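Me: I would like to learn how to read a structure that is new to me, going from the whole chain down to single side chains. Could you take me through it step by step?

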Amino acid sequence: MTIKLPRAIEAYFEADRTGSADAIADTFTENGIVKDKGKTHMGRDAIRAWMADEAQQYSYTVEPFLITIENGKTQVTAHTAGDLPGSPIDLRFVFALSGDKVAELEITI
């Protein structure tokens with residue numbers, strides 16, 4: 001199923017497909033925030049380091065299949081498969097956007 005994602009979110013998932021920590025960091029605002037696995041990563045440098053670490057640990061694919069908007073945030077549910085714990089699993093990506101950039105992302109089960 002193909003869903004229509006806002007430009008900033010589409011850019012995030014496209015960057016994630018490349019596995020490039022720089023490409024991921026570039027989709028965020030300068031002071032962007034990522035919350036994942038109980039940790040908070042603030043700013044592009046921290047986001048770049050987070051993604052570089054993830055890319056070293058895991059190989060995976062992410063296929064968004066559902067989008068909802070609630071309280072000004074966009075939630076994308078995506079089927080995730082690879083060599084990560086619990087795979088395959090559907091993850092929730094909750095985005096707060098600022099223009100054409102991601103201001104905040106929280107990834108949960």
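Me: In what order do the elements of the protein chain run from the N terminus on?

Reply: Please keep in mind that this is a predicted model. From the N terminus on, the order is α-α-β-β-α-β-β-β-β, and the secondary structure amounts to 3 helices and 6 strands.

Me: What does the radius of gyration of the protein chain say about a compact globule?

Reply: For 109 residues a compact globule would have a radius of gyration near 13 Å, and the protein chain agrees with this because its own value is 13 Å. Along the principal axes, the C-alpha atoms fill a box of roughly 35 × 30 × 25 Å, and buried residues make up 39% of the 109 residues.

Me: How is a pair of aromatic rings described?

Reply: Such a pair is described by the distance of the centres and the angle of the planes. The structure here holds 6 aromatic pairs; one of them joins Tyr-12 and Phe-13 edge-to-face, with 5.2 Å from centre to centre and 80 degrees between the planes.

Me: Is Tyr-12 buried or exposed?

Reply: Tyr-12 counts as buried because its relative accessible area is 2%, which lies under the 20% cut-off. Phe-13 is also buried, at 1% relative accessibility.

Me: Which parts of the chain does the pair of Tyr-12 and Phe-95 link?

Reply: Tyr-12 and Phe-95 form an edge-to-face pair, 5.5 Å centre to centre with 70 degrees between the planes. The pair links distant parts of the chain, since Tyr-12 lies in helix H1 (residues 7-18) and Phe-95 in strand S5 (residues 89-98), 83 residues apart. Ring pairs link Tyr-12, Phe-13, Phe-28, Phe-93 and Phe-95 into a cluster.

Conventions. Residues numbered from 1 in each chain as written. Heavy atoms only, no water. Helix = DSSP H or I, 4+ residues; strand = E, 2+ residues; numbered from the N terminus. Rg over C-alpha atoms; globule rule 2.2 N^0.38 Å. Buried < 20%, exposed > 50% of the residue type's maximum accessible area, 1.4 Å probe, protein only. Phe/Tyr/Trp six-rings, centres within 6.5 Å; stacked < 30°, edge-to-face > 60°.
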